Amino acid sequence: TAWATGSERGTRPEAGVTPKRAKHPKKDVEQALRLAEENGWLVLPTASGQRWGEMTCGHPGPDQCRVSIWSTPKNAGNHANRLRRKVRNCPHQALL
């Protein structure tokens with residue numbers, strides 16, 4: 001996938017700055033990912049498997065919020081709602 005190019009590879013992006021990423025195949029999930037990015041979350045790729053990627057809230061430290069993004073969820077609408085709920089309920093949101 002085209003997640004990062006050139007000097008972006010191997011470096012962790014800043015909070016709230018997601019490198020150019022591939023579009024998620026499920027429309028509902030893609031909308032939830034855009035909402036997360038607008039709220040300062042990072043959408044990061046994973047190597048392979050069922051996990052399409054991972055979202056982190058951008059809060060530094062071991063207690064940052066983290067959620068997996070599935071490539072083919074059983075119900076895309078429910079998965080998108082779960083991602084939105086995680087963004088909405090992030091305890092670090094007020095601190096960012």
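Which residue of β2 is the bridge partner of V43? In this predicted model, the bridge partner of V43 is M55, a residue of β2.

**Overall arrangement**

The secondary structure of the protein consists of two helices and three strands. Along the sequence these elements follow the pattern α-β-β-β-α. The protein has 96 residues, of which 38% count as buried.

The three strands form an open sheet in the order β1-β2-β3, with antiparallel pairing. The edge strands are β1 (42–45) and β3 (66–70), each of which pairs on one side only. On average, neighbouring strands of this sheet are turned by 30° against each other, direction ignored. As a general principle, the strands of a sheet pair through backbone hydrogen bonds, in either a parallel or an antiparallel manner. The two pairings of this sheet are set out in the table.

| Strand pair | Sense | Bridges | Example of bridge partners |
|---|---|---|---|
| β1 and β2 | antiparallel | four | V43 and M55 |
| β2 and β3 | antiparallel | five | R51 and W70 |

Strand β2 comprises residues 51–56. Five of the six residues of β2 are buried, so this strand is largely enclosed by the rest of the structure. The hairpin of β1 and β2 has five residues between the strands, and G49 takes a positive phi near 95° there.

**The helices on the sheet**

Helix α1 (residues 27–38) lies across β1, β2 and β3, and runs at about 25° to β2. Helix α2 (residues 76–88) also packs on the sheet, where it touches β2 and β3; the direction of α2 makes about 160° with that of β3.

How do the two helices lie relative to each other? Two packed helices are described by the angle between their axes and the distance between the axes. The axes of α1 and α2 come within 8 Å and cross at roughly 10°. Angles under 35 degrees count as roughly parallel, and α1 and α2 are therefore roughly parallel to each other. Helix α1 contributes D28, V29, Q31, A32, L33, L35 and A36 to this contact, while α2 contributes A76, G77, H79, A80, L83, R84 and V87.

**The nonpolar core**

The largest nonpolar core has 17 residues. Those with the most contacts inside this core are V29, L33, W41, V43, M55, I69 and L83. At least two residues of the core come from each of α1, β2, β3 and α2.

Two of these residues illustrate how the parts meet. Leaving aside neighbours within four places in sequence, V29 is in contact with H24, I69, P73, A76, H79, A80 and L83.

Is L83 buried or exposed? L83, whose place is in helix α2, has a relative accessible area of 0%. Buried means under 20% relative accessible area, and L83 is therefore buried. Leaving aside neighbours within four places in sequence, L83 is in contact with V29, A32, L33, M55, V67, S68 and I69. One of these contacts is V67; the C-alpha atoms of L83 and V67 are separated by 7.5 Å, although the two residues are 16 residues apart along the chain.

Notes. Residues are numbered from 1 along each chain as its sequence is written. This is a predicted model: local features need pLDDT of at least 70, side-chain atom pairs count only at pLDDT 80 or more; totals for chains, interfaces and linings use all residues. Side-chain values use heavy atoms; hydrogens and water are left out. Two strands pair if DSSP finds at least two bridges between them. Axes are lines fitted to C-alpha atoms, for helices over the stretch in contact, and angles run from 0 to 180 degrees between N-to-C directions. Contact means heavy atoms within 4.5 Å. A nonpolar core is a set of buried Ala, Val, Leu, Ile, Met, Phe, Trp, Tyr and Cys residues joined through side-chain atoms within 4.5 Å. Buried means under 20% relative accessible area, exposed over 50%, partly exposed in between (1.4 Å probe, protein chains only). Angles under 35 degrees count as roughly parallel, over 145 as roughly antiparallel, 65 to 115 as roughly perpendicular and the rest as oblique.
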